[in-house]
Amino acid sequence: MPTLPWTTVNEPAPDATAFVMASRLEVRSLKDVPRFFLRSLAAWKQVRSAPGAYGATLIAEPLKRTFWTLSAWEDRQALYTYARTEPHKSVMTGLRSTVSRSVFTFWETPAAGLPLDWSDARDRLAAQERTDADGNPPTA
């Protein structure tokens, strides 16, 4: 399983709060995996110089056609600015037709707890997916 380990982009102040985003993206077929992964690398490279980024990691499970992202940001606006900036904007627009399922979740955490833990992120994504499926607000 190719993994891009947690990369610290900017050191937050010890008392800062981090805005976190986790995602799981599943592509439609195995033939889409190489293209998705290669295009994702451009967005990954962008994170490494994005204003307000604290850090990020990516897990690719090619045989499961699944990609996981986990990133921490200074605030919501820093994340949204990154998402609307090239190359991320074009990468995600161009790959939209290859994605069969996706789930995103967001939360805040003390920045002193970085880097983030994948087990917590996976639990939060599973809870978000259940919430999305039944339309009820999360209980955790």
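I'll start with His 88, which sits in helix 3, residues 88-95. Helices here are DSSP runs of H or I with at least four residues, strands are runs of E with at least two, and both are numbered from the N terminus. Before going on: this is a predicted model, in which local features need pLDDT of at least 70 and side-chain atom pairs count only at pLDDT 80 or more, while totals for chains, interfaces and linings use all residues. Residues are numbered from 1 along each chain as its sequence is written, and side-chain values use heavy atoms, with hydrogens and water left out.

Is His 88 buried or exposed? His 88 counts as buried because its relative accessibility is 14%; the cut-offs are under 20% relative accessible area for buried, over 50% for exposed, and partly exposed in between, with a 1.4 Å probe and protein chains only. Neighbours within four places in sequence aside, His 88 contacts Ala 43, Gln 46, Tyr 82 and Ala 83, where contact means heavy atoms within 4.5 Å.

Two of those names, Ala 43 and Gln 46, take us to helix 1, where they are buried along with Val 33, Phe 36, Ser 40, Trp 44 and Val 47. These residues are on the same side of helix 1 because they cover an arc of only 150° around the axis, the arc being that of the directions from the helix axis to the C-beta atoms. Leu 38 and Lys 45, on the other side, are exposed.

Next, the aromatic rings. Rings of Phe, Tyr and Trp (its six-membered ring) pair if their centres lie within 6.5 Å; planes under 30 degrees apart are stacked, over 60 edge-to-face, and the rest tilted. The count is 5 aromatic pairs. Phe 19 and Phe 106 are stacked, because their ring centres are 5.8 Å apart and their planes are at 20°. This pair links distant parts of the chain, with Phe 19 in strand 2 (residues 17-27) and Phe 106 in strand 5 (residues 99-110), 87 residues apart. Phe 19 is buried at 3% relative accessibility, whereas Phe 106 is partly exposed at 36%.

Trp 68 and Trp 118 make an edge-to-face pair, at 6.4 Å centre to centre and 85° between the planes. Trp 68 is in strand 4 (residues 66-73) and Trp 118 in helix 4 (residues 118-134), 50 residues apart. Trp 68 is buried at 9% relative accessible area, and Trp 118 is buried at 17%. Arg 122 lies over the face of Trp 68, 4.0 Å from the ring centre; the rule asks for NZ of Lys or CZ of Arg within 6 Å of the ring centre and within 35 degrees of the ring normal.

Last, the cores. A nonpolar core is a set of buried Ala, Val, Leu, Ile, Met, Phe, Trp, Tyr and Cys residues joined through side-chain atoms within 4.5 Å. Which residues touch the most other members of the largest one? Of its 17 residues, they are Ala 18, Val 20, Tyr 54, Leu 70, Ala 72 and Leu 114. Strand 2, strand 3 (53-61), strand 4, strand 5 and helix 4 each give two or more residues to this core. Another core, apart from it, has 13 residues, among them Trp 44, Trp 73, Ala 78 and Leu 79.

Ala 72 lies in strand 4 and is buried, at 0% relative accessibility. Its C-alpha is 5.6 Å from that of Phe 19, 53 residues apart along the chain. Beyond four places in sequence, the contacts of Ala 72 include Trp 6, Ala 18, Phe 19, Tyr 54 and Leu 114. Leu 114 in turn contacts Trp 6, Pro 12, Ala 18, Tyr 54 and Ala 72, again leaving aside neighbours within four places.
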